[in-house]
Amino acid sequence: MSVRRSVIVGCGSYLPSRVLTNDELASKVDTSDEWIVQRTGIHERRIAAPGELTSHMATQAARAALAHATVDAQSIDLIVLATSTPDNTFPASAVSVQAELGIVHGAAFDLQAVCSGFVYGLATADGLIKSGAFSRALVIGAETFSRILDWTDRSTCVLFGDGAGAVVLEGQMEPDNREGRGILTVRLRSDGRYKSKLYVDGGPSSTGTVGHLRMEGREVFRHAVAMISDVVEEAFTTTGYTAKDVDWFIPHQANKRIIDGSAHKLGISPEKIVMTVDRHGNTSAASIPLAIADAVADRRIKRGDLLLLEAMGGGFTWGAALVRW
Ligand code: UT7
């Protein structure tokens, strides 16, 4: 028997050229390369150039994903852009990407679930494709967190970076067995009781300003591993797979300690972890598609591999996906 699945047929990414090192940060705020590396695993991050917007980076990543999939932009009928740092309050940055790609049909919208945005975006596009409403989608994560950081707050400004990643999802009939490719499950969670643990202190309806990122890092850290493990176990239960079946673990890249802790709790061996936090920092919704593109570019990820994706962030929101590449 075969079933309609959303298959990832291509991926791509974009990073701004400007590299911001820990040492450079240490010359601006009271921190050190040693503290940042020890507590987070981050060595450097990228920062968007003046005038370089989220939609610009998203468009670059989308073009790279289209090229990798060898499909024409005109065949895309859905664009889901996960971001918490859109160009403007509205319209959605996704419509700017759509216009840049010369697409005048289908639908494009932004999705906001902070660091879990890409997993939420995958779930949304997967549902719309499986329903038959759309046939080929771009799911993009793109962020310019550098624009919402308080650069005098050492507890947050050292953690984040800018960038974009994208995948092309296509509706295909696949065998309903372990060989079948595509998104096998996406599990999503949120709990608004934690909304003040990681937030931006501004917005159109509250202050009329954009605001700055505020985080009780220790509190987020305290919940992260348990929430991630919980939702990943849910994905395993839904599909019948276990940690042993996973070829590549591609987590949201917030902190190497959270990633290592989650992998350990789940029983995933260290060599299966795709890690980019050292070079990218935390790029929020962009981090998973950036990591996917990295591991595809260097040929670690091969057709037929089972990928485990997971993320946790502001809200709190969290989620996990199992994907047969
Ligand atoms: O992607 C969305 C989800 N976000 C996350 O997953 C982030 C989760 N949280 C974390 O990754 C970690 O909590 C942090 C990396 C943010 C902080 O690490 P920590 O081990 O939890 O450190 P802490 O907040 O407990 O701070 C330890 C000390 C404090 O000093 P005292 O109070 O012990 O004297 C901080 O003031 O480190 C100090 N500190 C710094 N020192 C040097 C905080 N930031 C810095 C800094 N440089 N940049």
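**Close-up views of a predicted model**

View 1. Val71 counts as buried because its relative accessibility is 15%, under the 20% limit. The model shown here and in every view below is predicted. Val71 is part of the loop that runs between α3 (54-69) and β4 (78-82). Leaving out residues up to four places away in sequence, Val71 touches Leu66, Arg136 and Val168. Gly10 is 61 residues from Val71 in sequence. In space, the C-alpha atoms of Val71 and Gly10 are 8.8 Å apart.

**View 2. Arg136 in strand β6.** Arg136 belongs to β6, which covers residues 136-144. Is Arg136 buried or exposed? Arg136 counts as buried, because its relative accessibility is 18%. Its side chain makes a polar contact of 2.6 Å with the side chain of Ser75. Beyond four places in sequence, Arg136 touches Val71, Ser75, Ile76, Asp77, Leu78, Val168, Leu169 and Glu170.

View 3. The ligand sits in the second largest pocket. Which residues come nearest to the ligand? Of the 24 residues around it, these are Thr31, Arg39, Arg218, Asn255 and Asn282. Thr31 places a polar side-chain atom 2.6 Å from a nitrogen atom of the ligand. For Arg39, a polar side-chain atom lies 2.8 Å from a ligand oxygen atom. For Asn282, the distance from a polar side-chain atom to a ligand oxygen atom is 2.6 Å. On its own, the ligand has 950 Å² of accessible area, and the protein covers 76% of it.

View 4. Five elements each give at least two residues to the shell around the ligand: α2 (33-40), α6 (154-157), α7 (217-239), α8 (256-266) and β12 (306-313). Which element supplies the largest share? That is α7, with 4 residues.

**View 5. Helix α10, largely enclosed.** Helix α10 spans residues 287-297. Of its 11 residues, 9 are buried, so the helix is largely enclosed by the rest of the structure. The buried residues are Ser287, Ile288, Pro289, Leu290, Ala291, Ile292, Ala293, Ala295 and Val296. Residues three or four places apart in an α-helix point the same way, because there are 3.6 residues a turn. After α10 comes Arg299, with a positive phi near 65°.

View 6. Ser284 lies in the loop between α9 (277-280) and α10. Its relative accessible area is 0%, so Ser284 is buried. Ser284 is not a glycine, yet its phi is positive, about 50°. Most residues other than glycine have a negative phi.

**View 7. Val114, another positive phi.** Val114 has a positive phi of about 50° and is not a glycine.

**View 8. Pro91 and its cis peptide bond.** The peptide bond from Phe90 to Pro91 is cis, with omega near 0°. Most peptide bonds are trans. Pro91 is in the loop between β4 and α4 (93-100). Is Pro91 buried or partly exposed? Pro91 is partly exposed, because its relative accessible area is 47%. Leu128 is 37 residues from Pro91 in sequence, and the two C-alpha atoms are 21 Å apart in space.

**View 9. Lys197 and Phe316, in contact.** Lys197 lies in the loop between β8 (182-190) and β9 (198-200). With a relative accessibility of 18%, Lys197 counts as buried. Setting aside residues up to four places away in sequence, Lys197 touches Arg214, Met215, Glu216, Glu219, Val220 and Phe316. Phe316 itself is in the loop between β12 and β13 (317-324). The peptide bond from Gly315 to Phe316 is cis, with omega near -10°.

Conventions. Residues numbered from 1 in each chain as written. Predicted model: local features only at pLDDT ≥ 70, side-chain atom pairs only at ≥ 80, totals over all residues. Heavy atoms only, no water. Buried < 20%, exposed > 50% of the residue type's maximum accessible area, 1.4 Å probe, protein only. Contact = heavy atoms within 4.5 Å. Near = heavy atom within 4 Å. Polar contact = N/O pair within 3.5 Å; in protein donor to acceptor, adjacent residues only side chain to side chain. Areas by Shrake-Rupley, 256 points an atom, 1.4 Å probe, with all protein chains shown as cover. 1 Å grid on protein atoms, 1.4 Å probe; cavity = no way out; pocket = protein on both sides within 12 Å on 5 of 7 lines; lining within 4 Å. Sits in = over half its atoms within 2 Å of the grid points.
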